Amino acid sequence: MSKRLTQLLPLAAALAIGGLAQASTPKELPSVVVKYGDLSLNTRTGVARLHTRLRNAAEQVCAPLNSRVLGLREQFERCVSDAVADSVAAVGNANLSRYHRYGKRAELVASN
C-alpha cells in the first residue's frame, strides 16, 4: 500500500446500511481517502495522527448509522471499529498496528 494514501472501504458499513447491502462492486461502497505522506510512522506522534485520521474517516463513512437509537448506535460503533481495524491492516505498518492494539503504551519499532 502506498505511503501517500489508503482507502477506507468498510465492508461492515455496506452490510449494515440497508440500501448499500445490494452493492455489487467496491466502487459502490462508501469510501474515504486518507492521506498520510506527511507523517512519519517511525514516531509516536505520526502514528497517533494517522490513527486519528483513520478513525475520523471511519466515522464519516459510518455516519448513516450514527444515531441515539441503541441498536443503531451499536452498529455505528462496530462499523467504526471494523473500518479502523481494516484500515490499519491495509496500511501494513508495525508501529500503527501496535498503536491500534495497545494505544499510547505501545512500543514503537525502528524502521530501516
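1. Glycine 92 follows helix H3 and has a positive phi, near 70°. Helices here are DSSP runs of H or I of at least four residues, strands are runs of E of at least two, and both are numbered from the N terminus. The model is a predicted one, in which local features need pLDDT of at least 70 and side-chain atom pairs count only at pLDDT 80 or more, whereas totals for chains, interfaces and linings use all residues. Residues are numbered from 1 along each chain as its sequence is written, and side-chain values use heavy atoms, with hydrogens and water left out.

2. Helix H3 comprises residues 70-91, 22 residues in number, and spans 32 Å from its first C-alpha to its last, close to the expected 32 Å. The expected span is 1.5 Å times one less than the number of residues.

3. The largest nonpolar core contains 22 residues, and Leu50 and Leu96 have the most contacts inside it. Such a core is a set of buried Ala, Val, Leu, Ile, Met, Phe, Trp, Tyr and Cys residues joined through side-chain atoms within 4.5 Å. Strand S2 (32-35), helix H2 (44-61), H3 and H4 each supply at least two residues of this core, and H3 gives the most, with 7 residues. Leaving aside residues up to four places away in sequence, leucine 96 is in contact (heavy atoms within 4.5 Å) with Val47, Leu50, His51, Leu54, Val88 and Val91.

4. Cysteine 62 and cysteine 79 are joined by a disulfide, with an S to S distance of 2.0 Å; the criterion is a pair of cysteine sulfur atoms within 2.5 Å. By this rule the count is 1 disulfide. Cysteine 62 lies in the loop between H2 and H3 and cysteine 79 in helix H3, so the pair ties together parts that are 17 residues apart in sequence. The torsion about the S-S bond is about -75°, so the disulfide is left-handed. Both cysteine 62 and cysteine 79 are buried.

5. The whole structure has 4 salt bridges, each defined as a side-chain nitrogen of Lys or Arg within 4 Å of a carboxyl oxygen of Asp or Glu. One of them pairs aspartate 38 with arginine 53, their closest N and O atoms being 2.9 Å apart. This pair links distant parts of the chain, 15 residues apart: aspartate 38 is in the loop between S2 and H2, and arginine 53 in helix H2. Aspartate 38 counts as exposed at 57% relative accessibility, whereas arginine 53 is partly exposed at 27%.

6. Glutamate 77 forms a salt bridge with arginine 55 (3.8 Å, N to O). This pair links helix H3, which holds glutamate 77, to helix H2, which holds arginine 55, across 22 residues. Glutamate 77 also meets arginine 73 in a salt bridge (3.1 Å, N to O); both lie in helix H3, 4 residues apart, about one turn of the helix. Salt bridges that share partners join Arg55, Glu59, Arg73 and Glu77 into one network.

Notes. Buried means under 20% relative accessible area, exposed over 50%, partly exposed in between (1.4 Å probe, protein chains only).
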